[in-house]
Amino acid sequence: MSFWARKSNIVITCAKGAPPFLKEEILSLGFPILSVGMAEVGTEGSLEDAMRLNLSIRTGQRILFLLESFNAKTPDELYKRISRISWEDYIPEDSYFSVTSSVYNPTIKDSRFANVKCKDAVVDRIKEKRGRRPDTGPERDKVVIHLYWRSNLCQVFFDTSGEPLSRRGYRMIPLKAPVQETLGATVVLATGWMGNENFINPMCGSGTLAIEAVLIGLDRAPGLLRSNYGFMHLKDFDESSWKTLRRKTRAAAKDRLDGRIIATDISQQAVEAAKKNAMTAGVERLIEFGVCDFSETPVPTNGGLIILNPEYGERLGEIEKLKETYRKIGDFFKKKCQGYKGYIFTGNLDLAKKIGLRTKRRIPFYNGPIECRLLEYDLYEGSRKEASTKLQ
Ligand SMILES: C[S@@+](CC[C@H](N)C(=O)[O-])C[C@H]1O[C@@H](n2cnc3c(N)ncnc32)[C@H](O)[C@@H]1O
């Protein structure tokens, strides 16, 4: 049996807070759940399955395919065990590989040391078998080996994603404080958005939330936007089956949405960037962009969801100014967004209190090291005038 068809454990890493959403995605793709951690979910499948996961998963960062699992106490034991793996069967001639690691072992002070031990073991093995050293380095655009070492347990994976999946390939122009694409998708999925109602995103910045919402609404796999993955650089990668998978996945997507997607920002530069990013993602025709204060964003009367990711400020002066912004968001929700589900994604809960509305749900997330919340508000129906502003 080709090693591409052999089943093994697959670990999908994600941001803290994201596992419940990642788990749902994995199940909906027909894979079992073997474990759920703080920042990862375990499943199983073959390398061929890993291709499908890379193409379709929205909330995960890296699809790690388990190659070997063993016990090692010291770096020398690690070296010995890793050099027993038949790397020449997996890594093609003239290839390049890099090693990443997560090391929690008391004998290792600096995880770079474990990386070097692992890399040396692979290089020495291949040199012995082929008489030539393979190229190595820090780039993650070819074969990526991931080492997980906790206490004595050592697991060696292929990182089949290569570059993390958050690099979808559409965000050429990130601006100040953007959310990562994978976090953006997680936040949108947490709202329960299905693509059949209006999605209003004032303060859109570089457009990540609106773009991810469109991709979700269309059922368009986020991985279609990217042309390079780690798995493509392994031996016997079958390009034709990858192309077939992409073609079928693309064909399964919708090409229109029922609701309106409106994205605005006060900064002309942000809106220009968001438009370009949406264009790269192939969804710009589905998003109505506008430059305006958030409170001037047109909100159609037939309901849907409205989501804002305001700045949360680092310096005291900024935070004072932002208190007023958050208070005004509360007013805007009350006056202009009745009949909507309102959401604020923020890393500052004190500022969020200035919204002055009762939260219905508070979902914890991490934006890198920053603890954030997605706050949900029910904005009850009342009388108000139809939004008439025409967008660009
Ligand atoms: C944290 S960023 C949003 C980042 C966005 N989620 C992304 O992924 O790029 C906040 C955005 O709010 C915008 N903003 C600040 N004050 C605003 C206001 N009063 N009205 C509209 N937009 C505003 C800023 O220009 C900035 O783009």
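## Salt bridges in a predicted model

Arg-373 counts as buried, at 17% relative accessibility. Its partner is Glu-371, and the two side chains meet in a salt bridge with 3.0 Å from N to O. Glu-371 counts as partly exposed, at 41% relative accessibility. Please keep in mind that this is a predicted model.

Salt bridges that share partners also join Glu-93, Asp-94, Arg-130 and Arg-132 into one network. How many salt bridges does the count come to? The count comes to 22 salt bridges, taking a side-chain nitrogen of Lys or Arg within 4 Å of a carboxyl oxygen of Asp or Glu.

| Pair | N to O distance |
|---|---|
| Asp-94 and Arg-132 | 3.0 Å |
| Arg-256 and Asp-258 | 3.6 Å |
| Arg-373 and Glu-371 | 3.0 Å |

Let's look at the pair of Asp-94 and Arg-132, whose side chains meet in a salt bridge. Asp-94 lies in the loop between helix H3 (75-83) and strand S5 (96-104), while Arg-132 lies in the loop between helix H4 (111-130) and strand S6 (135-136), so this pair ties together parts that are 38 residues apart in sequence. Asp-94 is exposed, with 66% relative accessibility, and Arg-132 is partly exposed, with a relative accessible area of 46%.

Now to Arg-256, which forms a salt bridge with Asp-258.

Key
Residues are numbered from 1 along each chain as its sequence is written. This is a predicted model: local features need pLDDT of at least 70, side-chain atom pairs count only at pLDDT 80 or more; totals for chains, interfaces and linings use all residues. Side-chain values use heavy atoms; hydrogens and water are left out. Helices (H or I, at least four residues) and strands (E, at least two) are DSSP runs, numbered from the N terminus. Buried means under 20% relative accessible area, exposed over 50%, partly exposed in between (1.4 Å probe, protein chains only).
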